[in-house]
Amino acid sequence: MKNKKYIITAILGTTILISSCGSEDKKEVIDNSPAVNVKVKTVSEDNSSPFLTVSGKIEAVKSANISTRMMGYVDKIYVGVGDKVRDGQLLMSVNNADVSAQLAQVNAGITEAEAAYTNAEKDYNRYTSLFKENSASQKELDDITANYTMAKARLESAKQMRNGVNAQMGYANIRAPFDGVVTNKFINAGDMANPGMPLLEVESPGNYQVLAMVPESEILAVKNYSEVTVQIKALNKNVKGKVSEVSTSSKNTGGQYLVKVIIDKTDAQILSGMYATVQFPVARKTTNSAIMIPIEAVVKNGQLTGIYTVSQSNTALLRWLRLGRTFGDQVEVLSGLSADEQYIVSAEGKLFNGAKISNQ
């Protein structure tokens, strides 16, 4: 019995010692974990204007993505991004060895057809005179007339084939469709050009429009030719504009309706691609203010999207969100985040649930 008592006492002592060591090790890891420096913002609601306001992107009214109907290697590009071009100016040439060979064959066919037609025309004129003098039969005249008609048709067919080949040659030598500026180049010399593939983008500067998406709850209040205010975020300027088009279908635009706004002439240094906010002269129907957060703060995990918020113990807490429309560099939060909550915009280290953070 005495030996058993010693054994039980030893086991209990060992267990207490192990538990004590484990607790100390765990406590030491937690205490020594470094804090991640983060930048924090507080959620605010966008209720600055009682009028209908939507975001959009500026583009040139006259813009064209230039492509070719030919497949071939790009021989040379004669312009660069930012270059001014004139209507009809040669922009790019695609290797057209196959088309050149077809053109040579067609020209040879035209020469042959012209010779046959000339000979058939002489025979027709000769037999017509002989027939009038009763020196040729009706059968001979009919045969010569048929031969003449076929020769004429073959010549016309050969000329039309040449027109088709010349049209293909036009797709090999790509020219500017109007006066403008080259704004994008999607291919380099030596690359393979495919039919319908965008090669260059040309815009005519001076006239700009805003492409804005209006929700279905508000679209009926937007009318053609109504005057609007356009706020250009990058320039921090307001300019006037006029609604030019209002789409009546949202089939291919995600349940929202496309509205085009022509910007009035202005001295503002507007560029294509700038984000803009369009304020329509109609009262906003919805009374709920939108919660907007920067896109850079959004965390994605598969099909889920969320954001790191700040817990009461000053740690990072991942919150899953349901997002709405995107306006420039901002995205609308439909649920999962409320006003006056703090969220993390950026971090100097890797964030995870429960990570210590330091807001500097």
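In the predicted model, V230 touches V210, K237, N238, V239, V261, A276, T277 and V278, leaving aside residues up to four places away in sequence; contact here means heavy atoms within 4.5 Å. V230 also turns up, with I58, V278 and F280, among the residues that touch the most other members of the largest nonpolar core, a group of 25 residues. A nonpolar core is taken as a set of buried Ala, Val, Leu, Ile, Met, Phe, Trp, Tyr and Cys residues joined through side-chain atoms within 4.5 Å. Buried stands for under 20% relative accessible area, exposed for over 50%, and partly exposed for anything in between (1.4 Å probe, protein chains only). At least two residues of this core come from each of β3 (51-66), β10 (200-215), β11 (227-232), β12 (237-246), β13 (256-263) and β14 (275-283). Apart from this core lies another, of 18 residues, with V74, I77, L91 and A193 among them.

A word on the ground rules. Residues are numbered from 1 along each chain as its sequence is written, and side-chain values use heavy atoms, with hydrogens and water left out. As this is a predicted model, local features need pLDDT of at least 70 and side-chain atom pairs count only at pLDDT 80 or more, while totals for chains, interfaces and linings use all residues.

Taken as a whole, the protein chain has three helices and 22 strands, where helices (H or I, at least four residues) and strands (E, at least two) are DSSP runs numbered from the N terminus. Buried residues account for 32% of the 360 residues in the chain. Of the contacts between residues at least 6 apart in sequence, 73% join residues at least 24 apart. The chain exposes about 22,500 Å², and carbon and sulfur atoms supply 50% of that area. Accessible areas come from the Shrake-Rupley method with a 1.4 Å probe, and for residues only the protein chains shown count as cover.

Next, a sheet. Four strands form an open sheet in the order β7-β6-β4-β9, with antiparallel pairing; two strands pair if DSSP finds at least two bridges between them. β7 (173-175) and β9 sit at the edges with a single partner strand each, so one side of each has no neighbour in the sheet. Strand β6 (residues 90-94) is joined to β7 by three bridges, and the two run antiparallel. L90, for instance, has R175 in β7 as its bridge partner.

On to charged pairs. With a salt bridge set as a side-chain nitrogen of Lys or Arg within 4 Å of a carboxyl oxygen of Asp or Glu, the count comes to four. One of them pairs R126 with D123, the closest N and O atoms being 2.8 Å apart. These two are three residues apart in helix α2 (residues 97-132), which means about one helical turn separates R126 and D123. R126 is partly exposed at 45% relative accessible area, whereas D123 is buried at 18%.

Helix α3 (residues 138-172) carries both D143 and K139, four residues apart, about one turn of the helix. Their salt bridge has its closest N and O atoms 2.7 Å apart. D143 is partly exposed at 41% relative accessibility, while K139 counts as exposed at 54%.

E341 and R319 form a salt bridge too, with closest N and O atoms 2.8 Å apart. This pair links distant parts of the chain, 22 residues apart: E341 is in the loop between β20 (330-335) and β21 (342-347), and R319 in strand β18 (residues 316-320). Both are partly exposed, E341 at 22% relative accessibility and R319 at 24%.

Y225 is not a glycine, yet has a positive phi of about 70 degrees. Y225 is placed in the loop between β10 and β11 and is exposed, with a relative accessible area of 61%. N236, also not a glycine, has a positive phi of about 55 degrees. N236 belongs to the loop between β11 and β12, exposed at 65% relative accessible area.
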